[in-house]
Amino acid sequence: MIGANDFYKVMCAMVPLYFAMLVAYGSVKWWKIFSPEQCSGINRFVAVFAVPVLSFHFISQNNPYQMDTKFILADTLSKIIVLVMLSFWAICKGQLDWLITLFSVSTLPNTLVMGIPLLNAMYGDFTQNLMVQLVVLQCIIWYTLLLFLFEYRAATILIKNQYPGNAAAAITKFEIDNDVISLDGRSPLCTESEVDGKGRIRVRIRRSTSSMPESGFSSSIGITPRASNLSNAEILSVHTPTPLHEFRNGDIPFGHGDLRVGIRAASPRLSSYASSDAYSLQPTPRASNFNELETTTVTTTGNTPMWVMSPVAGKVFRQPSPSAKMAWESPGKCLHGDRQGYIDVGEKEISFRDISNFPIQGGAADSASTNIIKQEMPNAFVMLRLIIVMVGRKLSRNPNTYSSILGLLWSLISFKWNVGMPSLVKYSIKIISDAGLGMAMFSLGLFMALQPRIIACGTKMAAIGMAIKFIGGPLVMSAASVVVGLRGVQLHTAIVQAALPQGIVPFVFAREYGLHPDILSTGVIFGMLVSLPVTLLYYILLGL
């Protein structure tokens, strides 16, 4: 039975954290102490120093040789159950986007910042080791898996946009420039294609702001960089002064030969946040003058269609091809080829979007039927290699990756040979880690204050998300815990930790990849507000 002293102990642990969040909220919303730029700087400190050092501090003090096998197995089993169920649904319905979002909402709570102090106050000191074990698994396994799914989604969008239909099946290799960290669309990307005599395609992915190849290719086809007002990036444009009708009875005068090269602007979007830091809550949204990146594409003759699109002139040229069909979208309109297979969009700018599901007319002149493009993808090994490279590069920029691995390595050494950390290092880490929890909550308060709405996704979607987070997640966790044999206080701990508010990292990924960031933002902000009464309710009910 939960007594008044137990309740007061929990409040003593949690109220200071919420106080830090409230002070931060008021300092921006009411007292105007911090500007958005200053908030961004504070946020960056928290992301780069405070939280990683806090994570290292907890992990390095946890004995990895005394892992609670049943507790870890219950948590892992609950996540696998959710992932399998969502995967089956996604395969049947083609809903990869919702698989990622629902998996994030239901299984990835804020264990480090909220879980450790809350459960320590509720059930005792032993829960800190359990929470640290979950933090290690989240950082090393589950966040990596989440990032893998995001990069897979980004890769499929890029390929669908750049190589629609059966063209993608011929891709045998991706080469990624060293300055390409992710396919998330934060920076404009270009693809360059080389096709050998057997029709195999080798694709190079590079940033569009990098230098053009030094060969005579760019000058031969008239590609020049033009200044852009989109975050000081350069967009490659193709000058197309020749009217469309002059190309209809002949080939476009480039791209002949056995080796054919194409340049495609591949980034479907840019982030709507000002900072380039991918691992912090950057609370400074900026107005964007575009939704999708206007792009320039050049391909060449062969088995794939030839077309040129200029975002300046708004022209599209296409050579008829019996083996591939394309569809383009301008605002509110789906464009189709005419009797010769050409597309003319007049003088309007057009956007480059995911076209895998756009209907286009059949090739026959008098056909009125509407078909759906059948999108093929490269070989599974080729895709796997691409995604692993991108995930590795993304993780290499995440300070939490280093802090988790270094903390785990030190704990393995320390508890194996009873080696203590030198006092100079220990207290240097402690002085920052002691501020970690408070600064993390302070950063959340700044983020909340700079949002136009606390419930960004609407009340209906917020209600569904909160139900999945605070009811669905604990139910699955309780079932998995009972299956593996958890009982008593350990079972209660497992259920309450599943009812913790939304983790920050899934929201950061959702924002960076442009996938339901409003839902995850609501989960972080609104979930933080309602999590305390919800977890207290679970605490009371489980203690009856």
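When I speak of a contact, I mean heavy atoms within 4.5 Å, and in that sense M441 touches L17, Y18, A20, M21, V113, M114 and M528, leaving aside residues up to four places away in sequence. What you see is a predicted model, in which local features need pLDDT of at least 70 and side-chain atom pairs count only at pLDDT 80 or more, while totals for chains, interfaces and linings use all residues. Residues are numbered from 1 along each chain as its sequence is written, and side-chain values use heavy atoms, with hydrogens and water left out.

M441 is also among the residues with the most contacts inside the largest nonpolar core, together with M122, F174, L183 and I205, and this core has 117 residues. Such a core is a set of buried Ala, Val, Leu, Ile, Met, Phe, Trp, Tyr and Cys residues joined through side-chain atoms within 4.5 Å, where buried means under 20% relative accessible area, exposed over 50%, and partly exposed in between, with a 1.4 Å probe and protein chains only. The largest share of the core, 18 residues, comes from helix α6, residues 126-162, helices being DSSP runs of H or I with at least four residues, and strands runs of E with at least two, numbered from the N terminus.

I141 lies in that helix, α6, yet I141 is partly exposed, at a relative accessible area of 42%.

Finally, confidence: pLDDT, the predictor's confidence in each residue from 0 to 100, has a mean of 76 over the chain, but stays under 50 over residues 210-261. Where pLDDT is low, the predicted coordinates should not be read in detail.
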